[in-house]
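Keep the viewer open as you read.

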Amino acid sequence: MWSYAGRRILYAIPIAIGVTVICFGLVFLAPGDPMVSLLPPDASPADVAYLRKLYGFDQPIPIQYAKWLIRAVTGDLGTSLQTGRPVISEVSRALSNTIVISLGAVLLAFSLAFVLGTVAGYYAGRPADRALTAVSVVGVSVPNYWLGMVLIIVFSVELGVLPATGMGSAGSDTFSLFNWEQARYAILPVVTLSMVPLGIIMRNTRSAIAEVLANDFVQTLRAKGLGETMVVRHAVRNAFPQVLAVMGLQFGYLVGGSILIETIFTWPGTGFLLSKAILTRDIPVLQGAILVLAMCFVATNLAVDLLQTAIDPRIRRA
Amino acid sequence: MTDVTLSSGFAAPAVAAIKVRGYWGTVGYRLRYDYVTLFFLAVVLLIVLAAILAPLIAPFDPNKTSMVYRLKPIGFRDFRLGTDELGRDMLSRLIWGGRMSLLMGLVPVALATAIGGTLGVVAGFVGGWLNMLIMRTVDIFYAFPSVLLAIAVSGVMGGGMVNGLIALTLVFIPPLCRIAETATTQVRNLDFVEAARASGASNGSIIAHHVLGNVLAPVLIYASSLISVSVLLSAGLSFLGLGVEPPTPDWGLMLSTLRQAIYVQPLVCALPGAAIFITSLSLNLVSDGLRHAMDVRI
Amino acid sequence: MIGRSTKFVGWAKRPKAACPRVSEARSVVRSNAWARALRALSPPYGVAAALALAAAAVALPAHGETVLRVAMTAGDIPDWTGQPDQGFEGYRFVGWSLYDALVNWDLSRSDVEAPLTTGLAVKWGIDPANNKRWIFELRKGVKFHDGCDLDADLVVWNIQRLIDDKTPGFHPVQYARHRSRSINVDHAEKIDAGTVAIYTKTPDSFLPYNVSVWYMISKCAVEKANYDYAAYAKAPAGTGPYKFDRVVVRERLELVKNADYWDPKRVPRHDRLVLIPMPEATTRAAALIAGQVDFVEAPSPDTIPRLKSAGMQVITLPYPHNWHYQLNFVEPPFNDVRVRRAANHALNRAEMVEMLAGVAQEGYAIYPPNARLYGNPVKYEYDPAKATALLREAGCYPCPVTFAISTSGSGQMQPLPMNELVKAQLEAAGFKVKLDVMDWNTLLDVSFKGREKFPQYSGINISRATQDPPNGILRFVMKQQWGPAGGNWGWYFNQEIEDLVAEAMRTFDDELRDILMTKVHEVASREAVMLFVVHDLNPRAISPRVKGFVQAQSWFQDLTPITMAESAK
């Protein structure tokens with residue numbers, strides 16, 4: 001078990017390095033001059049060159065990469081071109097905000113999806129299953145940015161019961177899960193974000209449960225006189241690790257892919273930070289945010305892998 | 001008890017001849033009674049047909065603006081589905097937008113299947129260090145959540161249709177490559193491949209005759225499920241302003257520009273989103289149905 | 001199988017007693033799992049939650065405090081450490097709240113264009129012996145928010161820190177931002193504790209305009225922060241009507257009233273001002289309707305009926321802004337004045353205003369008609385037949401043109417639908433228009449580099465502030481400003497204008513100078529130096545609780561007279 005864990009962790013290192021190369025190289029695909037966003041339209045070329053030197057954009061690319069990597073490993077991701085604040089503090093702050101809604105969405109999706117998926121798996125092939133599968137397919141197919149807009153119109157503008165944007169009534173540092181007045185800002189984003197994981201987790205649960213229930217030993221259990229609830233519990237326990245893995249992956253996916261929802265709800269998370277950085281060509285923030293998000297994803301995948309192996313020894317990949 | 005006499009012509013109970021269908025026959029049989037899949041297959045065909053025949057069936061020019069008829073509701077005079085913020089007919093724009101959306105749905109997946117599939121087959125077949133190289137590179141791209149990668153690549157390249165296509169292709173290559181590689185590796189070690197090699201068949205013919213047959217099914221099924229993802233992602237890119245330029249009709253772009261008018265005609269503004277939803281849903285259901293029918297395990 | 005009795009006990013569930021260890025183990029595992037889960041969750045989250053609650057207790061306004069919450073179109077909080085970014089909106093909400101300049105703007109009236117007025121200087125004038133030397137007499141008894149006194153040394157430092165890189169506290173980014181204003185300033189000198197002299201490189205009668213956006217920040221505070229602006233940002237100090245209170249990075253900036261402000265008429269009538277960046281128009285409208293903000297900049301025209309029906313006040317006022325196209329005067333076809341006039345005749349500005357639901361004013365010249373320097377320019381009436389005739393005469397029919405436009409941006413209004421309408425109208429007269437859409441920063445890049453680097457564009461669509469003559473006209477028509485050195489993107493050149501401007505800069509009598517500048521404006525219109533489209537009417541949507549706001553005819557606004565009525569929400 002530990003050698004497997006060790007091997008997996010070691011294996012993640014070249015992946016991480018490859019990720020840094022891509023993050024770094026990504027921004028050089030960009031047209032336009034990053035200095036422009038800092039300067040007024042009539043700044044002279046001398047001023048541009050001066051600023052370029054100040055921020056180190058005039059050196060050859062491999063050297064920039066090496067310097068950047070060394071600093072990144074020690075936690076210094078540079079300072080934002082727009083705000084002058086250290087990137088690491090902006091990104092970590094945004095990340096904790098994103099984790100709030102991602103975790104909420106995945107938990108909401110998981111609790112609903114697991115129950116519905118189990119029911120669907122139990123009644124596999126019958127009308128109930130087909131109806132529930134339809135729900136899961138709907139969840140996966142709906143464009144969640146559209147759903148977010150619809151929810152804002154219905155609940156915020158028409159009914160006025162939930163806030164339309166933002167995180168907390170006086171900014172994100174007043175947000176608190178324990179205070180209903182603040183926590184309600186998270187309701188619409190969480191519900192919107194949970195649609196896709198709902199569909200995916202439900203699909204996985206259904207197939208896992210159906211698979212287990214189709215096994216011969218279940219027939220044996222039933223023949224022995226085990227009650228239906230116990231049988232279902234059996235199936236659930238078997239399916240759980242697999243579904244947990246999917247849930248973990250979905251969480252990682254949401255953290256990295258929440259940009260559209262955060263734009264609509266003005267939720268100050270990493271997606272929002274990223275979209276602003278793209279618009280303003282704030283390269284240090286762009287690189288830092290993509291790097292942190294990708295690393296989170298790698299770490300989540302690794303954690304899910306290890307967790308799955310720990311719980312279910314049947315799963316061993318060479 | 002049946003009386004069985006062993007002389008010529010024994011009397012056996014009348015048994016209906018069992019029809020032997022073969023693989024594709026089974027698939028067709030399964031599909032014939034899968035009403036849901038058939039229905040949504042019809043929907044997909046309808047959407048594709050509408051997109052192809054757009055110049056013939058769209059009632060108005062999708063780009064013709066008219067300040068007088070701005071933001072009219074559904075069913076207003078000749079404008080069956082209302083008009084947008086510049087007075088253009090929504091129905092025509094939705095039909096033409098279908099072209100763009102289907103294009104952005106199909107092309108990246110097709111390209112990624114070709115590229116990723118080839119890479120995967122090569123990696124699986126050759127094995128060794130080439131396999132390591134290709135699969136590790138693919139793993140690195142796999143380390144990015146797809147939305148993030150698509151937006152990052154498209155965003156830094158400045159948006160636009162071509163950049164969006166490139167970004168989406170890049171996003172879909174890793175999973176397809178992996179599937180192809182797994183399938184190829186499974187086949188590669190089987191006895192009949194060894195036998196073929198022993199009897200002098202060239203690598204090319206081994207691939208063509210044995211490997212591809214095994215690889216095509218899972219790859220194509222997976223690719224078909226990716227089409228709906230591609231439609232959603234490309235609409236998302238357009239929504240963020242990273243897709244096609246206006247005034248090209250495109251569902252994601254329409255959704256984004258109509259957002260401003262959501263207080264005037266909420267129903268009209270919801271139409272592009274509904275179109276994306278229906279397309280994505282139909283593609284998903286069809287791909288699921290095909291997977292069941294072809295009994296492919298991915 | 002754990003010692004289960006094989007005796008048949010019926011189809012009912014097995015009693016728990018039969019498998020004590022299993023159920024016991026399960027309950028232990030369950031409680032352990034819960035315990036573990038709770039422990040796993042609580043350290044980071046518990047502490048964070050506790051901190052958040054504590055912060056909430058401290059940060060939420062004290063009971064009874066009146067708060068004005070403003071939603072800005074900016075994408076982020078403007079820089080509050082001196083010269084702001086995010087365009088003039090940064091100056092409007094952050095600059096004028098925290099700081100003053102030597103020369104301020106009088107924003108108290110709606111019926112006239114906002115003029116200059118005294119600020120931290122009570123008197124200024126040109127030295128009769130040397131027309132490159134301006135003398136400013138400082139106001140007495142002004143203190144900064146941190147207690148520092150305003151004196152000549154501090155003023156000189158503030159001027160030098162944005163032009164001389166050897167000055168301690170030189171800020172390279174703010175220097176670059178402020179360049180177009182400081183380019184003609186040579187240096188500043190203290191005459192005595194209450195008087196300062198500013199030297200210009202060439203005689204420049206427009207200096208007061210450039211000084212009017214040059215903020216005075218507290219040298220004591222910057223020194224205390226060891227000339228590190230990131231540290232200064234935590235406790236900035238100016239002389240303005242508001243003091244810095246707290247900031248949530250990228251989300252909100254909170255300012256509180258400065259009860260000791262040197263102009264008692266402008267002490268704010270509310271306790272707290274909260275500035276929130278909200279770049280999306282629908283988000284701003286939704287926030288206003290939902291009661292999350294009280295004052296919203298630039299609601300999109302389509303949301304206005306809804307806002308009005310929700311009880312909001314929507315106010316508009318002509319102000320010195322134009323939404324025009326700057327043209328390329330070197331490459332065809334706009335190098336031919338007939339083609340330029342044709343384009344101007346082809347536009348149906350009334351239709352554009354209708355599409356914008358009335359939040360713009362038809363634009364026929366650089367300045368709107370109520371401007372002081374408007375004069376009597378040629379008016380390009382909507383006449384597509386004349387436009388086509390001019391095109392044929394110029395030998396360009398159909399006439400291909402390419403415009404660079406953006407998807408959004410400060411002052412850009414609703415660029416996509418507006419450009420599409422312009423395209424449709426121009427094409428009806430015989431142009432063939434191609435729109436090259438890019439994001440705001442890329443467009444700024446194009447405008448900064450000048451037509452030389454972008455010969456493929458016949459014009460660029462960038463909104464401009466025309467508040468003061470240097471920014472309003474001069475930078476678009478003078479040779480000295482040919483891009484990339486300045487704002488004359490298309491390299492326009494006209495000797496008549498060069499002569500008029502040179503004379504204006506030497507004329508220190510305001511009235512005489514106005515006459516000259518008006519002539520420049522008229523010549524510019526006659527020569528159709530831009531494709532004139534509309535002037536923004538700068539719509540704002542305000543909650544009914546907001547009382548006392550006077551919208552000034554300026555890019556800047558004064559929020560201090562606002563009082564907040566008791567809420568009905």
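The angles, on a scale from 0 to 180 degrees, are taken between N-to-C directions of axes fitted to C-alpha atoms, for helices over the stretch in contact. Helices (H or I, at least four residues) and strands (E, at least two) are DSSP runs, numbered from the N terminus.

A word on ground rules: this is a predicted model, in which local features need pLDDT of at least 70 and side-chain atom pairs count only at pLDDT 80 or more, while totals for chains, interfaces and linings use all residues. Residues are numbered from 1 along each chain as its sequence is written, chains are lettered from A and ligands numbered from 1 in the order in which they are written, and side-chain values use heavy atoms, with hydrogens and water left out.

**Two open sheets in chain C**

Two strands pair if DSSP finds at least two bridges between them; β15 (residues 399–406) and β16 of chain C have eight, in the parallel sense. Within that pairing, Ile405(C) stands opposite Val437(C).

The other open sheet has four strands, ordered β4-β5-β7-β6 (chain C), and its pairing is antiparallel. Its edge strands are β4 (121–127) and β6 (185–192) of chain C, each pairing on one side only. Twist in this sheet averages 20 degrees from one strand to the next. Strands β5 (residues 130–138) and β7 (residues 195–200) of chain C share five antiparallel bridges, and Trp134(C) faces Ile198(C) across them. Helix α3 (residues 152–160) of chain C lies across β5, β6 and β7, running at about 175 degrees to β6(C).

**Salt bridges**

Over all chains, the whole structure holds 37 salt bridges, each being a side-chain nitrogen of Lys or Arg within 4 Å of a carboxyl oxygen of Asp or Glu. Here are some of them:

| Pair | N to O distance |
|---|---|
| Arg8(A) and Asp305(A) | 2.3 Å |
| Arg69(C) and Asp294(C) | 2.9 Å |
| Asp127(C) and Arg133(C) | 2.8 Å |

The chain A pair ties together parts that are 297 residues apart in sequence, because Arg8(A) lies in helix α1 (residues 2–26) and Asp305(A) in helix α14 (residues 283–311) of chain A. Both Arg8(A) and Asp305(A) are buried, where buried means under 20% relative accessible area, exposed over 50% and partly exposed in between (1.4 Å probe, protein chains only).

In chain C, Arg69(C) lies in strand β1 (residues 67–72) and Asp294(C) in the loop between α8 (281–289) and β11 (295–297), so this pair ties together parts that are 225 residues apart in sequence. Asp294(C) is buried at 2% relative accessibility. As for the remaining pair in the table, Asp127(C) is buried at 13% and Arg133(C) is buried at 17%. There is also a salt-bridge network, linking Glu65(C), Asp245(C), Arg246(C), Arg252(C), Glu254(C) and Arg272(C).

**Backbone details**

Two cis peptide bonds are worth a look. One runs from Pro332(C) to Pro333(C), with omega near 5 degrees, and Pro333(C) lies in the loop between β13 and α10 of chain C. Another runs from Tyr397(C) to Pro398(C), with omega near -5 degrees; Pro398(C) lies in the loop between α12 (384–394) and β15 of chain C.

Tyr227(C) has phi near 60 degrees and is found in the loop between α6 (219–224) and α7 (229–232) of chain C. Ala357(C) has a phi of about 50 degrees and sits in the loop between α11 (349–355) and β14 of chain C. Tyr227(C) is partly exposed at 29% relative accessible area, and Ala357(C) is partly exposed at 44%.

Technical notes: Contact means heavy atoms within 4.5 Å.
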